[in-house]
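The entries follow the order in which I looked things up.

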Amino acid sequence: VFLLIIFFLVASYFVKHEQNEPIALPDASQRDSEDDDNPRRLVLTVTAEGNWFVGTDAVTLDEIERRIAAGAVRHQADFEVRLRGDRQASYKEIEPVMLACAKNGVRRLKFAVQLRDGSRP
């Protein structure tokens, strides 16, 4: 039992820290109060150079669109896309993700931000 507890503690640590791509999040004065850990969420990172990552895996726009479509079909209204965009990323890297969400009926698109006091959500 003790080994199982240790296993689950270590596994949960790695799941929480799988977004290894360091980015500078945009500042915001407030954030959504219902910011929970939705298990039906696709977390997408856009770097300042315009590279896309899901977790630690580099992905193409086609792969992102496939994952959004699959998540929308599998989880329907509960599916959420969380976009972690670097503050230096241009809109041309973020727009295709927004369009893919709209095309597949994903209405829950959230942007990760950093509160102005320096704390992260």
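Helices (H or I, at least four residues) and strands (E, at least two) are DSSP runs, numbered from the N terminus.

I then looked up the hairpin itself. β2 and β3 form it with five residues between them, and G50 in the turn has a positive phi of about 95°.

Conventions. The model is predicted, so I kept in mind that local features need pLDDT of at least 70 and side-chain atom pairs count only at pLDDT 80 or more, while totals for chains, interfaces and linings use all residues. Residues are numbered from 1 along each chain as its sequence is written, and side-chain values use heavy atoms, with hydrogens and water left out.

Overview. I find three helices and seven strands in the protein chain. Along the sequence they follow the pattern α-β-β-β-β-α-β-α-β-β. Of the 121 residues, 35% count as buried (under 20% relative accessible area; exposed is over 50%, partly exposed in between; 1.4 Å probe, protein chains only). I also looked up contacts (heavy atoms within 4.5 Å). Among those with a separation of 6 or more, residues 24 or more positions apart account for 74%.

Sheet. Which order do the five strands of the open sheet take? I read β4-β3-β2-β5-β6, with mixed pairing. The edge strands are β4 (57–59) and β6 (109–111), each pairing on one side only. Neighbouring strands are turned by 30° against each other on average, direction ignored. For angles in general, axes are lines fitted to C-alpha atoms, for helices over the stretch in contact, and angles run from 0 to 180 degrees between N-to-C directions.

Strand β2. I took residues 41–46 next: six of the six residues of β2 are buried. In a regular strand the side chains alternate between the two faces of the sheet. Here R41, V43 and T45 lie on one side and L42, L44 and V46 on the other, and all are buried. Six bridges join β2 to β5 (residues 80–85), and these two strands run parallel; L44 has L83 as its bridge partner in β5. Three bridges join β2 to β3 (residues 52–54), running antiparallel, with V46 opposite W52.

Strand β3. Three bridges also join β3 to β4, again antiparallel, and W52 has V59 as its bridge partner in β4. I checked what lies on the sheet: α2 packs there, touching β2, β3, β4 and β5, and its direction makes about 100° with that of β4.

Helix contact. The axes of α2 (residues 61–75) and α3 (residues 91–103) come within 9 Å and cross at roughly 30°. That angle makes α2 roughly parallel to α3 (under 35 degrees; over 145 is roughly antiparallel, 65 to 115 roughly perpendicular and the rest oblique). I listed L61, I64, E65 and I68 of α2 and P96, V97, A100 and C101 of α3 as the residues that make the contact. They divide into seven nonpolar, no polar and one charged. Ala, Val, Leu, Ile, Met, Phe, Trp, Tyr, Cys and Pro count as nonpolar, Asp, Glu, Lys and Arg as charged, and the others, Gly among them, as polar.

Residue R116. I found R116 in the segment after β7 (114–115). Is R116 buried or exposed? R116 is exposed, with a relative accessible area of 61%. Leaving aside neighbours within four places in sequence, R116 contacts D27, A28 and S29. The C-alpha atoms of R116 and S29 are separated by 5.7 Å, at 87 residues apart along the chain.

Key:
Pairing = 2+ DSSP bridges.
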